[in-house]
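This report looks at how one protein chain is put together, beginning with a single residue and widening from there.

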Amino acid sequence: MSSIRMINGGARAPQVLAITSGKGGVGKTLTTVNLAMAARRLGKSVLIFDGDMGLANVDIVLGLKSRYNIRDVLDGHAALKDIVIKGPLGVDLIPSGSGIASLTRLSHVQKQQIIEQISQLDHHYDLILIDTGAGIADSVTHFCKAADQTLVVTTPEPHAMTDAYALIKVLAEDHGVKSLHLLVNQTRSEGEGLKILTRIADVAMRFLDVRVHSAGHVPFDPQVTKSVMLRRAATEESTHTIAGQAWGQTARRLFGGPEAARSHSDVQEFWRSLLWQQPSRAEGVS
Ligand SMILES: Nc1ncnc2c1ncn2[C@@H]1O[C@H](COP(=O)(O)OP(=O)(O)OP(=O)(O)O)[C@@H](O)[C@H]1O
Ligand SMILES: [Mg+2]
């Protein structure tokens, strides 16, 4: 441990934000990518970790092709520093690999390997964004527990809201997460976004004693769908669309104000707390 600290000695701890949702397909990956681009514009250095072990797709949205992923690191075919790819607007990405059930289920040796490899990431990041999968599996909730902040994404769709609340409940009751941010994506009006944010925040406070902070709302924008199809969702021009501007506001809310409290002294410590978490009783339920 001391050798790891010495290699990275003195580096400031990055702010770590997990982006998650109860239901799939609500806009986590687009939120991650757009927040990353907006944070770059705020002058932050950003690393995205694609923590979606099922359908890893940050690289696709960023228009990148990854040769290696985290699986190759675990199998010893590649070093972690060599799988970091440079994305648009200077955003770096660690691609995920499908088929890793849960990082916490890795063997002790594999966990040690990851921690040691992380010490070789010599570049310093102000911000690490983790695009988790959807749902309440340990592979998702452990990222949220280990991160400094969690951003839950929902849409106004009733199923998405119910699943968002179920996730908030599991995070609170099984993982002790008592404060998080909520973003309502694909809203049809400003009033709709505010209403949903207020309703979920009220219920979470009343029944779970959880503080839900508003991260804002992002309108449904046909331009988003179009740019995803054209693989142009991660471009300078996409930041000027209506949705892009709203994600920009969310980024300023989350990263532009007074420094968020950091729960880890350095990035290795974040990974250590992530990898050595015990599986929860919720595992297997989703
Ligand atoms: N604000 C928006 N306006 C219009 N369409 C949107 C918006 N946000 C997301 N979408 C649409 O929703 C689709 C899914 O978005 P995204 O891939 O980011 O969801 P996800 O939560 O990461 O999904 P998964 O759970 O499968 O990883 C996008 O391809 C896009 O078509
Ligand atoms: Mg996704």
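Valine 33 touches Val58, Val61, Leu62, Ala233 and Ala234, leaving aside residues up to four places away in sequence, where contact requires C-beta atoms, placed from the backbone, within 7 Å. The model is predicted, so local features need pLDDT of at least 70 and side-chain atom pairs count only at pLDDT 80 or more, while totals for chains, interfaces and linings use all residues. Residues are numbered from 1 along each chain as its sequence is written, and chains are lettered from A and ligands numbered from 1 in the order in which they are written.

Val33 is also among the residues that touch the most other members of the largest nonpolar core, which has 77 residues; such a core joins buried Ala, Val, Leu, Ile, Met, Phe, Trp, Tyr and Cys residues through C-beta atoms within 7 Å. Of the 286 residues of the protein chain, 46% count as buried, that is, with 20 or more other C-beta atoms within 10 Å of their own.

Ile168, another of those core residues, belongs to the contact that helix H8 makes with helix H9, where Ile196 and Ile200 are among the H9 residues.

| Packing of H8 (residues 158-175) and H9 (residues 190-208) | Value |
|---|---|
| Angle | about 35° |
| Distance between axes | 11 Å |

Here axes are lines fitted to C-alpha atoms over the stretch in contact, and angles run from 0 to 180 degrees between N-to-C directions. Helices are DSSP runs of H or I with at least four residues, and strands are E runs of at least two; the protein chain has 12 helices and 8 strands.

Methods
Contact = placed C-beta atoms within 7 Å. Buried ≥ 20, exposed ≤ 12 C-beta atoms within 10 Å, placed from the backbone.
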